[in-house]
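Hello,

Here is the structure I promised to pass on. Have a look at it first, and then read on for what turned up.

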Amino acid sequence: MSHTLHRRGTVESFKNDFVLFAMSAKGTPNENDSKTKLKRFLEIVREHNPVNMGDMKTGNSFIRSRDTIVSSTQDTSIVHGVFENRVDLIAALKDLKDADLGISVIISGLMSDVHECCSAAGLKPHTCETSLGILGNTDRLPDEDILRFTTMCGHGQVPFNLVIKIVEDVKEAKLTVQQAGEELAKPCQCGVFNPVRAAAMVEEIMCLWGIHVV
């Protein structure tokens with residue numbers, strides 16, 4: 001899986017952004033009755049303070065309750081959790097190691113940080129993938145400030161214009177930066193969008209514009 005690899009931003013902005021997700025091997029015996037394992041994965045994630053979680057079949061935790069996401073797990077589900085600090089991620093990884101679910105578990109984040117977190121949890125990564133960036137007619141893309149938000153949804157469900165609207169709403173005091181992050185997380189069905197990182201980026205944009213936010 002590579003849809004969470006294309007997040008854009010500074011190295012510093014990724015220090016508190018980790019996506020953890022799991023799936024069975026589709027179309028193989030590993031998929032049979034995998035919902036029990038995937039449900040347990042979500043239960044473990046839920047226990048360790050995720051800032052978002054979800055299932056591509058059900059939705060994320062800003063449009064569905066976490067209990068509904070867990071209880072609705074299917075064999076065909078691909079389940080996710082987002083963490084904004086290494087402590088919670090490592091704790092979740094340790095519990096997943098003990099659970100030994102027998103399904104593929106993937107972490108997205110800065111490679112050096114991911115390796116350190118795996119080591120702390122007593123795990124050794126099996127495979128590493130990296131993004132080569134965006135190729136093609138990049139002149140048609142919005143500016144980097146917008147891409148930092150939209151690329152947090154690997155399926156491109158956070159529209160460019162929504163980011164602009166949300167930033168304007170914060171500027172006009174219609175939303176707090178925290179509410180802005182949560183609103184931007186809603187269209188990302190899978191639940192891999194990090195609302196805490198988004199809120200920090202909105203605040204950063206406000207500061208660049210010379211606008212004080214409360």
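A disulfide is a pair of cysteine sulfur atoms within 2.5 Å. Please keep in mind that this is a predicted model. By that cut-off, the structure holds zero disulfides.

Cys188 is in no disulfide, and the nearest cysteine sulfur to its own belongs to Cys153, 3.5 Å away. That distance is not within 2.5 Å, so Cys188 and Cys153 do not count as a disulfide. Is Cys188 buried or exposed? Cys188 is buried, as its relative accessible area is 1%. Cys190 is likewise in no disulfide; for this residue the nearest cysteine sulfur is that of Cys188, 6.0 Å away. With a relative accessibility of 6%, Cys190 also counts as buried.

Now for the sheet. Five strands form an open sheet in the order S3-S2-S4-S1-S5, and their pairing is antiparallel. Which strands stand at the edges? They are S3 (59–60) and S5 (104–108); each has a single partner strand, so one side of each has no neighbour in the sheet. The partner of S3 is S2 (residues 52–55), and the two pair in the antiparallel sense over two bridges. In this pair, Gly54 stands opposite Asn60 in S3.

Enjoy exploring it!

Best wishes

Terms used:
Residues are numbered from 1 along each chain as its sequence is written. This is a predicted model: local features need pLDDT of at least 70, side-chain atom pairs count only at pLDDT 80 or more; totals for chains, interfaces and linings use all residues. Side-chain values use heavy atoms; hydrogens and water are left out. Buried means under 20% relative accessible area, exposed over 50%, partly exposed in between (1.4 Å probe, protein chains only). Two strands pair if DSSP finds at least two bridges between them. Helices (H or I, at least four residues) and strands (E, at least two) are DSSP runs, numbered from the N terminus.
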